[in-house]
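Have a look at the structure first, and then we can go through it together.

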Amino acid sequence: MKVTFEINGAEKSVDVEARTLVVDLIRTKLGMTGTHIGCDTSNCGACTVLLDGRPVKSCTLLAPMLEGRKVTTVEGLAQGGKLDAIQEGFHAEHGLQCGFCTPGMMLVGKALIEANPHPTEDEIRWGISGNICRCTGYMNIVKAIQHAAAANAAENVAGVA
Amino acid sequence: MFPAAFDYTAPGALDEVLSLLSQHGDDAKVLAGGQSLIPLLKLRFAAPVILVDIGRVDGLEGIRRENGHVRIGARTRHRDVESATELRGTLDVLLDAAPLISDPLIRNMGTVGGSICHADPAGDWGAVMLAVGAEFVVKSASGERVLPAAGFFEGPFTTGLRSDEVMTEIRIPVGSGRSGGTYLKLERKVGDFASVATAVHVVLGGDGRIAAAGIGLCAVGAHSIKATAAEAALVGQAPSDELIAEAARLAGDAAEPKADIRGSAEYKRDVARVFVQRGLHTAINRAQGATA
Amino acid sequence: MAVDTTEAAAAARQAMGGIGVSLARKEDARFLHGQGHYVDDVVLPGMLHMVIVRSPHAHARIKGIDSSAAMAVPGVIAVVTGELLAQHKLAWMPTLSGDTQAVLATDKVRFQGQEVACVIAETKYIAEDAAALVSVDYEPLQAVTTPQQAIAPGAPVIRDEKEGQTDNKIYHWEAGDKEATDAAFARATKVVSLETFYPRCHPSPLETCGCVADLDPVTGNATIYMTSQAPHAHRTLFAIVAGLPEEKIRIISPDLGGGFGNKVPIYPGYVVATAASLLIGRPVKWIEDRTDNLISTGFARDYYMDGSVAIDENGKFIGLRVNLLSDNGAFFADAQPSKFKAGLFHIVTGSYDIPAAHIVANGAYTNKAPGGVAYRCSFRVTEASYFIERLVESAAVELGQDPVTTRLNNFIQPEAFPYTSASGFEYDSGDYPAAMKVALDMLGYDELRKEQAEKRARGELMGIGVASFTEVVGAGKGKDYDIAGLRMFDSAELRIHPTGKGILKLGVKSQGQGHETTFAQIVAEELGIPASDIEVREGDTDNTPFGLGTYASRSTPVGGAATAIVARKLRDKGKLIAAHLFEADVADIEFDHGKYNVKGSPDNVKTIQDIAFAAYTNLPDGLEAGLEGVTYYDPPNMTFPFGTYLVVVDIDKGTGQVKVRRMVAVDDCGVRINPMIVEGQIHGGLTEGFGIAFMELITFDDEGNCIGSNFMDYLIPTAWETPRFELGQTVTPSPHHPIGAKGVGESATVGSPAAYVNAVIDALSHLGITNIDMPITSDKVWAALRSKGVTE
């Protein structure tokens, strides 16, 4: 069946089986491999994408559910060659090791600080609790998100001034 | 891991949904947020012939207060209940339960009605709805029914909903008394199903006595359990530590847990007791602090 | 080892990205953009997809396999069975421990999840649909699910296909001195015993295992992209197993989404995909789903341990006895040096000066998945560390001492290094009391003990756990340590190009540890070429020197040493070139952080970049061109990192829930090359240790059905449960390592489980509760409390 949606700002129309999982659609049909498969049972969040701005698990979405909606993947974070604040944060704070959970963590982090620009450590930990990282022990992921929040805040101040 | 093949349709109007359901009967499955159904499809525990996606039907989402009820559209996401802070003081138990459902990403997709209809014995909303005395509005091609939560849950993944019906709304009566409640959940980690959870909702009368009490138990039986003996013991009484302890004991007795990897039956029963005891203290404190 | 510690040197190091600099990682960029390249991202023209049909039974005879329905599905290319493989002599393969393992079952299945057939199809959706249609006729047999059952008389023989195998025993192995130990126990004034079980857990890297096998029928070239922590060793084993010519095999291990030991063994899926690609003439991709990974690939632990410590009248440990019974599953596939049947468990004397020790280890086959890989640990060091640290806790309780006191009384003293342990290790360096002191100060230990006493008086449960581990990591030396005969050296090849920038190629393989940064920093330190100018390459057997790979915390001890040594070789060659350029005697050339000068003329320098250019443009007569070298480093000894971990817990009496309030970890891993990366490694290890202590478990029911076969049941901590770690350090360099570094990747997973468990026991010991086996779930704590009459 035909499904039309927007991904990272570009409209796509694809012909897929209805049972196609969104993560497979993105990885196989669209050839964007930054969205990963870690568990198959919606426990790990390696497949996280933003659906109309909210983070969801793309292994637990069927392709036709995308009809008319907007998807953001890790490939859509950097704009015009400039890293998003969340990407800068993960780099500066060593928020990634093997990199497998990183796309999902960054997307959740980005959505989180957009909804709550000054999150506490508890709010960050709660916010990323749908995503598993096996390497970092989360300490530096928390710092990375704080780093991005601080950078955004600084930019907003600069923007106002 | 992915589902076996199926047909898929996403009607834009409820009438179409109902007509498809009456046409396909047990071969059809309603898809709302999909957070319970899609994992079942992927594990191939479920293999419907056709999925009827209600995602494009208008009017199934939102929380509003009307005619002495809080009315929650069946397709309202868990996340939206979580942020419905206007329910604080009226339906504390909903606000406490919502953030404990699965994990933040699942809550962005999963729906209240979907979770209730899925009727996992460890699903959180069942116990909450029993505690607050909710009613479920269900529709089919042949008309509308309003089913009380009490009696709705019949067994694991089994409810009073017919295969040609779809839930459209949850109605929760909210009276004029001071109310308080809470939801306590023991889970092994975020995203896990409850090992044990308890929903408590009390309403205090003008005299400070307990005018109404609702207690729902989660994951300690074949379906969500309403602890009716415990509720009855509370109603009409002035709150006291002894009363609460006795009600908690009765609630523990109402549990019918089975031993599994999460613990023994004795353990689960005792945690149900402990949680109801703690929950009642919190609920009554909150109600006493509330303004009617 | 000499690291210059002056301020000027520090500034130079910072600019250079040398040792001690928390340089942001060079490899981050691709991951931040979603451009990491993992095996499942490999797409080749004409690529097919493979799905494995697995046994639902733990033990059953195969009476027949009917694949006709699967073959009839459009898009299915082949169904491979054990019978087909047997025709190519590939139905069985050797394991890393010298046993054999079925690639696809022919006679019997021996564990639930065992590989029985493989479906190869145009898409993975078709392959999975068809796999469900492969019909296998099984005759179920009695399952053996514990090693105790396995070694009991009359147990069904699991490995009845092995000639001469009449029971389920795999090995009997002893270490230490029995006589001396018996004598110590005979004169002990107190003997404290502990019986405990370290349950089966699983490394579960977030990326599962898989491969893309691409065999070119025309050229005979075999390119295999695979999730491999040890690509060179795997190439050799592939040559042996599949009979392929080794020069035609190229293993490419691209970015790995974690490993933790899980990607050390060779799994049947790799072998079948390779064979299928050869037979079909098209590339074949096989990627596990999470259940495949959990139920069939390398698990860890499953170790039953009991033992005693003999204590003299002064509270000194004088002897240690330990008995082990290991559940190895259906095939003995442990990854460990071939001489040691129980890995390096004999490090069990730990941080303590125990003059006599005796260890007896037995291994048994059961109807469970094979494995025995080291989940972030150096060959059973984790089990050993857990046992001794738990036993010392018991000893402290029995002696009526603070557990810190018991440890301080028995630590190997700083002046005793190098120290030879009763089981034969030579510890390189250490200062255990110093690490303990830093940890106690960070925690505010005495205050917390006071708080605990007050809480206990009120009936509240709070505990403080202590663990002071010592690890043995960084194998070889090659004479003593080998895997399947391959000596455990490791390699580095450094090529400095004419413009003074270069490539470092390694035999080890990062799974997220940041090798591209850390190893460039070693070159920066040694040669004075900025780390940003050194590109690090790993994981492609065609383009890197032979090495044994990354596991058992050996990359820095062995590959890091190789890197320093090869850099020094180039530095020395640079002196010859500098002498030529200065027209001076080579003996008069000095080198300091990238600058050569003639003794006495420190201001007239040639930079390493000048020298590199000259190496290709202006050489003295008789000197070979180029500034390149390769080193195969065979370490003279292992390294012995250590530390003290302290944990504070509060326990809910009503539910048995344990909340970790504080976690202080003081590690001494010698010189830290990139402190930020080291701390990241420790954070990760402490989290995995936390998971093991409280939730990670693979268990089986009586029929051998695996419980813990997906992430709904195999529980991995999220950010919410995970404690907030407070890290500290001491630095005791390794005297034999060129830059004084020790391995650190696994310290925290090795050391922390005992600290967590000791904290729980410390909260409960006054009630008479002496042990709860991991994972410490709330129901177990509740049951222990109720057994002592404690209730809410």
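## Between domains 2 and 3

Zero salt bridges are counted between domain 2 of chain C and domain 3 of chain C. The rule does find three residue pairs in polar contact across that interface, with both residues at pLDDT 80 or more. On the side of domain 2 of chain C that touches domain 3 of chain C, four residues are nonpolar, two are polar and one is charged. Please keep in mind that this is a predicted model.

How much area do domain 2 and domain 3 of chain C bury between them? The value is about 650 Å², with 61% of it on carbon and sulfur atoms. Gln112(C), Arg290(C) and Leu294(C) supply 67% of what domain 2 of chain C buries against domain 3 of chain C, more than any other three residues. In terms of contacts, seven residues of domain 2 of chain C meet 10 residues of domain 3 of chain C.

## Where the domains lie

Chain C is split into domain 1 (7–36 + 490–633), domain 2 (39–141 + 208–255 + 263–296) and domain 3 (382–473 + 639–787). Between the C-alpha centres of domain 2 and domain 3 of chain C there are 39 Å.

## Strand 2 and its partners

Now for some strands of chain C. Strand 2 (residues 60–66) of chain C runs antiparallel to strand 6 (residues 108–109) of chain C, and two bridges join them. Here Arg61(C) sits opposite Lys108(C) of strand 6.

Strand 2 of chain C also pairs with strand 8 (residues 135–140) of chain C, again in the antiparallel sense, over six bridges. In this pairing, Gly64(C) is opposite Asp137(C) of strand 8.

Note on methods:
Residues are numbered from 1 along each chain as its sequence is written. Chains are lettered from A and ligands numbered from 1 in the order in which they are written. This is a predicted model: local features need pLDDT of at least 70, side-chain atom pairs count only at pLDDT 80 or more; totals for chains, interfaces and linings use all residues. Side-chain values use heavy atoms; hydrogens and water are left out. Domain bounds come from an automatic or database domain assignment. Contact means heavy atoms within 4.5 Å. Buried area is the accessible area (1.4 Å probe) that two parts lose on being put together, summed over both. A salt bridge is a side-chain nitrogen of Lys or Arg within 4 Å of a carboxyl oxygen of Asp or Glu. A polar contact is a pair of N or O atoms within 3.5 Å; within protein, one must be able to donate a hydrogen and the other to accept it, and residues adjacent in sequence count only if both atoms are side-chain atoms. Ala, Val, Leu, Ile, Met, Phe, Trp, Tyr, Cys and Pro count as nonpolar, Asp, Glu, Lys and Arg as charged, and the others, Gly among them, as polar. Two strands pair if DSSP finds at least two bridges between them. Helices (H or I, at least four residues) and strands (E, at least two) are DSSP runs, numbered from the N terminus.
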